[in-house]
Amino acid sequence: MIPKIVLQLKGLNKSFGGLLAVKNVDMLVNESSISGLIGINGAGKTTLMNCISGIYRADSGSLDIMGVSCLNWSPHDIARLGVGRTFQIPRIFKRINLIDNVMVPALNDNTDNKTLYERATECLDKVKLYDLRHNNAEELSGGQQKLLELARIMMFNPRIILLDEPFAGVNPTLCRLMIERIKELKEQGKSFLLVSHDLTSIYQLSDHIYVLNQGQVISEGNVDYVRNDPEVIEAYLGNA
Amino acid sequence: MAKSGTIKPDDFSEEISAQRLKSSLWYTIITVLILSCFLVPLQDGNLSFMFSLMMWVTLATGINFIAGFTGYMPFGYVAFYGIGTYVTAILVKVLGVSEYLAVPAAGLSGILLALLFAPTLRLNGIFFAIVSLSLAVVCQRLMSLLPEEITGGSHGLNLGVATDRTHGYYAMLIIMFVALVSASWLGQSRLGKALKAIRDDPDAADAMGIHVSRVRLYAWIMSAFFAALAGGAQAWFTGALDPITAFDVLITAKTVIYAMAGGLGTIIGPVVGTVTLVWIDEIVWQQFPVLNNFLLGLIITLLILFMPRGVVGSLMQHFPHLRKYIM
């Protein structure tokens, strides 16, 4: 059976001044799968994420999400198509409490407040932040803020989830918890595009991996193919 | 979704009870404030002082909608107030419209001006603040340059005995009441939550499906509406206006200081800040007339230096258990 494509990029380009940050990128994400995106610092991973989620306007190319052509749509319209994301540096709503933080993506839903509240507490419970639900988000540690973003995504319940460095600065215990939740979400049919420097986690989770270098896809394939690709090894380790 | 066993079944009921407690405290404060203001004309109290207190409470609450809830600081906020005074005065003096209709019309003019200025919301931070200040200056000049038979030119308009001060006073009381009730509604509504999310991180809110520019526009309109109404009631109460005083940037400055002193982003903060500072201002003025501005400036500097989130905001930051009592 041919897997259903939920996200497709064709020939995407994005430049800043004279710097071409993303060059002619083609990419596919299938339904209920995890696509990993790796690359050294400055490879263009976050820029690509920002182009997909509408935060940056791409110069050219095409972006199809669930069959809808949506290049350069605004972030809230992309979100309403069913795309949720987390950020490299957690972008939580600092001066509001955890419950309200988690509720934000569901504020447009026609759900009653009781259901909304219960869903929010369940999401916080899943990432073990329930006991801190009345605290303001600024009072959380960096790792807890990453978990809060994950809880917010769970509340959002999107079809496609873009995770930007979810494991950066997170201790191994919280990391395991996050991996567990990501696997659960995948089993529920969610599709992921996962950016990470933590190759162990990305190899463990991904069905397909894309490697970016200087804005271009230099390699793609399953874990075994990518980790043994000489071009990838050279990009990461150099010629030494 | 499987639970880890920490969620209590009656959690939502507890949350509702906490909300009710918060609301009860808040409405008690509103009632005391409204009753005290209501009784002043009946007991021959200091009408001008209490009118000014109500006006500042309304303006501080109004600016809180845009500055406290979305993080946009409109230094030209006085433009809405000024336009409200002028629309009321022109309708009453030139067109012979009753004040009862002129003041609501002033509120509508504030909304129209807010829609006209809405493109400035695309700007951020200091750029927005400066452009909004410039727009207030433009409005002031416009009122001076329009034909004298309409706006009175640089001399302004005098409504003379045509207006009843006591009625103007009660109009301000009603406006303050509506502003405070609107604030409490906003504080508990989904719109309020969306606005606070935008204040903390507009990009993240946008990526979560919040239509940032639309939601921000709602706050902008509410903010402008109450400033224009306050301006309308001021014209009714004083019966005289001119472009310099109607568009005086000191009005914005005082509004911002009062709201910040109490705590922008909280519902009760701007009320606490205004009532406290207006009273302190009055006492300092009576006791130390020569040192009035010096002492008031010193108090405000210390307040902002040691309590950057205002009295209420700092209390909530340092004593988290108080959050369940404060709106």
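Chain A exposes about 10100 Å², and carbon and sulfur atoms supply 48% of it; accessible areas come from the Shrake-Rupley method with a 1.4 Å probe, and for residues only the protein chains shown count as cover. This is a predicted model, in which local features need pLDDT of at least 70 and side-chain atom pairs count only at pLDDT 80 or more, while totals for chains, interfaces and linings use all residues. Residues are numbered from 1 along each chain as its sequence is written, chains are lettered from A and ligands numbered from 1 in the order in which they are written, and side-chain values use heavy atoms, with hydrogens and water left out.

**The two chains**

For chain B, the accessible surface is about 14500 Å², with 69% belonging to carbon and sulfur atoms. The secondary structure of chain A comprises nine helices and 10 strands; helices (H or I, at least four residues) and strands (E, at least two) are DSSP runs, numbered from the N terminus. A compact globule of 240 residues would have a radius of gyration near 18 Å, and the 18 Å of chain A agrees with this. This radius is taken over C-alpha atoms, and the globule rule is 2.2 Å times the number of residues to the power 0.38.

Chain B contains 15 helices and two strands. Its radius of gyration is 21 Å, close to the 20 Å that the globule rule gives for 327 residues, so chain B is as compact as a globular protein of that length.

The table sets out further values for each chain. Buried means under 20% relative accessible area, exposed over 50%, and partly exposed in between (1.4 Å probe, protein chains only).

In chain A, the mean positions of the 25 positive and 27 negative charges lie 3 Å apart. In chain B, the mean positions of the 18 positive and 17 negative charges are 10 Å apart. Lys and Arg count as positive and Asp and Glu as negative, whereas His and the chain ends are not counted; the place of a charge is NZ of Lys, CZ of Arg, CG of Asp or CD of Glu.

Strand S7 (residues 160-164) of chain A is mostly covered, with five of its five residues buried. From S7(A), A:Ile160, A:Leu162 and A:Asp164 point one way, while A:Ile161 and A:Leu163 point the other way.

Two strands pair if DSSP finds at least two bridges between them. Three bridges join S7(A) to strand S6 (residues 83-85) of chain A in the parallel sense, and A:Arg85 stands opposite A:Leu162. S7(A) also runs parallel to strand S8 (residues 191-195) of chain A, with five bridges between them. Here A:Leu163 has A:Leu194 of S8(A) as its bridge partner.

**The antiparallel sheet of chain A**

Four strands of chain A form an open sheet in the order S2-S1-S4-S5, with antiparallel pairing. Its edge strands, S2 (19-30) and S5 (68-69), each pair on one side only. Strand S1 (residues 5-16) of chain A pairs with S2(A) over eight bridges in the antiparallel sense. The bridge partner of A:Leu12 in S2(A) is A:Val25.
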